[in-house]
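Please open the model in your viewer and keep the sequence panel beside it. The stops below say what to select next and what is found there.

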Amino acid sequence: MSAKLPREMTGAELKSMLKSSINLKSLGGVKSPELKLQPEDLEWWRDAKVGMFIHWGLYSILGRGEWARFNEKIPKEEYEGLADQFNPQDFSMTEWTDLAKEFGAKYMVMVTRHHDGFALWDSMASYEGFNSYNRGAKRDFVKEYTEAARAAGLKVGLYYSPMDWRFPGYFDPEGLPESAKSMKNQCYGQVEELCSKYGPVDIMWYDGSWLAHKGSDTSSAWFWEPVELNKIVRKYNPKTLLNPRSGYEGDFYCDEGSHEITGKILPVPWEKNMCVCSGCSWGWMADDPVSDFDWLIKMLVDVICRDGNWLLNIGPDRNGKLSEEVKTRMREIGAWLKEYGEAVYGTRGGPVEPVDAVYGTTSKGNKIYLHVLNTKECSDTWIPLEGYQIESVRTYHGAALPFQQKEDGFKVNLDSIMEPEVDTIVVLTLDQEVKKSRPTEVYFTGKE
Ligand code: GLC
């Protein structure tokens with residue numbers, strides 16, 4: 001964010017001004033000019049637009065969600081015994097990287113260790129050696145993943161949970177400082193391992209920097225000292241993107257879950273993360289219903305027209321396998337992206353503010369892509385646009401569409417579109433490049 005302006009604005013104010021449903025998690029993180037990346041360092045990620053998220057670990061054996069150990073109060077020995085059964089048969093990482101490519105992802109984020117503490121790599125720092133290299137599988141899945149993703153030309157993101165339910169000190173950091181300290185040491189040691197052994201890491205994606213499940217990630221920054229933690233990350237790769245969930249404000253913001261996205265363009269880098277299935281669990285659950293194709297595409301369009309990225313999660317089973325329904329849906333989205341990718345990859349949201357459920361825009365070079373969600377309502381509506389001369393208006397596949405332009409807007413007649421799609425894309429060619437500046441008139445403090 002460059003423009004510092006008329007006045008500072010907090011998350012709540014920004015949200016209300018934009019009438020936005022976008023709910024940024026972990027606002028108010030510690031700031032550190034030393035850690036902060038420059039806008040140009042984020043360009044590859046903003047161009048990438050689409051990522052694939054993977055939740056896979058011991059909880060995938062139980063199939064009741066990644067919070068099963070905590071929610072069901074499963075005794076330590078019983079849960080940890082699952083580590084000897086975690087031994088995927090006939091599984092190769094290329095199954096996921098191939099799917100990520102078919103889905104159209106340009107980056108991946110894999111859970112390397114969730115809140116249950118089970119690390120998916122050969123982790124010396126792992127408390128009690130609780131990792132996939134020591135136990136059942138005797139495999140280093142982070143090594144396999146990072147190698148396969150890079151070989152497939154995908155950028156590499158690592159999800160890591162600083163907190164770990166195995167430490168009583170997590171629940172009572174002041175009463176049990178020694179235990180809390182061991183948990184923090186494990187975190188620092190493991191983050192260093194991830195960045196030194198499997199780098200360059202493109203994205204460090206934290207989750208779970210609260211304490212005792214109270215407050216927010218940022219309210220526990222006194223404990224984690226996230227600036228110190230992230231200095232380790234920067235030491236191995238000064239350009240790793242950091243999400244905001246370690247207590248440090250990070251390089252981009254997160255909106256989590258399957259709620260609808262509405263409102264205006266968000267003038268900060270942000271990413272929506274959600275599940276391809278119902279969203280009741282990020283980890284594998286048998287028969288978790290796969291979301292509808294049209295609904296997912298609409299979500300993607302709502303996100304990119306508000307200048308966000310889309311990180312879609314899959315939860316493989318204990319053997320790393322996905323249901324045919326999940327694979328099919330991911331491939332269907334990929335086929336859509338293959339056809340319409342020009343209006344997605346490398347674009348920026350805007351320049352026209354979206355109208356919920358009617359239209360939104362993305363742009364690149366001298367093209368504006370009008371994503372029409374409701375052709376009837378959009379047709380012959382004056383859409384605001386100033387400072388550009390429209391040279392042509394065509395359907396995505398090139399058929400000319402009648403349009404009119406006046407000083408402050410244009411309208412397109414969409415009557416010829418007999419069978420509107422979930423996103424009917426109309427391409428405007430302008431007399432000049434769309435100005436890249438973000439529509440920001442406020443200085444976002446990043447606080448709640
Ligand atoms: C939430 C969930 C967690 C999941 C994460 C993904 O924080 O509690 O299980 O990994 O979202 O964003």
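**A tour from cysteine to sheet to helix**

Begin by selecting Cys187, which is buried, with a relative accessible area of 0%, where buried means under 20% relative accessible area, exposed over 50% and partly exposed in between, computed with a 1.4 Å probe on protein chains only. This is a predicted model, in which local features need pLDDT of at least 70 and side-chain atom pairs count only at pLDDT 80 or more, while totals for chains, interfaces and linings use all residues. Residues are numbered from 1 along each chain as its sequence is written, and side-chain values use heavy atoms, with hydrogens and water left out.

From Cys187, draw a distance to the closest cysteine sulfur, that of Cys195, which is 11 Å away and too far for a bond. Cys280 counts as exposed, at 59% relative accessibility, and its sulfur is 8.5 Å from the closest cysteine sulfur, in Cys275, again too far for a bond. The structure holds 0 disulfides, a disulfide being a pair of cysteine sulfur atoms within 2.5 Å.

Next, show the sheet as a cartoon; helices (H or I, at least four residues) and strands (E, at least two) are DSSP runs, numbered from the N terminus. The sheet is open, with 9 strands in the order 2-8-9-10-3-4-5-6-7 and mixed pairing. Its edge strands are strand 2 (24–25) and strand 7 (241–242), each of which pairs on one side only; two strands pair if DSSP finds at least two bridges between them. Within the sheet, select strand 3 (residues 50–54) and strand 4 (residues 107–113), which pair in the parallel sense over 4 bridges, and look for Phe53, whose bridge partner in strand 4 is Val109.

Now select Trp96, which is among the residues with the most contacts inside the largest nonpolar core, a group that also includes Met52, Met204 and Trp310; this core has 122 residues. A nonpolar core is a set of buried Ala, Val, Leu, Ile, Met, Phe, Trp, Tyr and Cys residues joined through side-chain atoms within 4.5 Å. A second, separate core has 21 residues, including Ile368, Val372, Phe410 and Ile417.

Thr97 lies in helix 6 (residues 94–103) and counts as buried, at 2% relative accessibility. A polar atom of the Thr97 side chain lies 3.4 Å from the backbone oxygen of Thr94. Beyond its neighbours within four places in sequence, Thr97 is in contact (heavy atoms within 4.5 Å) with Met108, Ala148, Ala149, Ala152 and Leu154.

At the N-terminal end, Asp140 caps helix 7, with a side-chain oxygen 3.2 Å from the backbone nitrogen of Val142, and just after the helix Gly153 takes a positive phi of about 80°.

Move on to helix 9 (residues 177–197) and pick out Gln190, which counts as buried at 0% relative accessibility. Residues up to four places away in sequence aside, Gln190 touches Arg113, Ala119, Trp121, Ser123, Ala125, Ser126 and Tyr160.

Finish at helix 12, where Asp292 caps the N-terminal end through a side-chain oxygen 3.4 Å from the backbone nitrogen of Asp294. The buried residues of helix 12 are Leu296, Ile297, Met299, Leu300, Val301, Asp302, Val303 and Ile304.

Notes. Polar contact = N/O pair within 3.5 Å; in protein donor to acceptor, adjacent residues only side chain to side chain.
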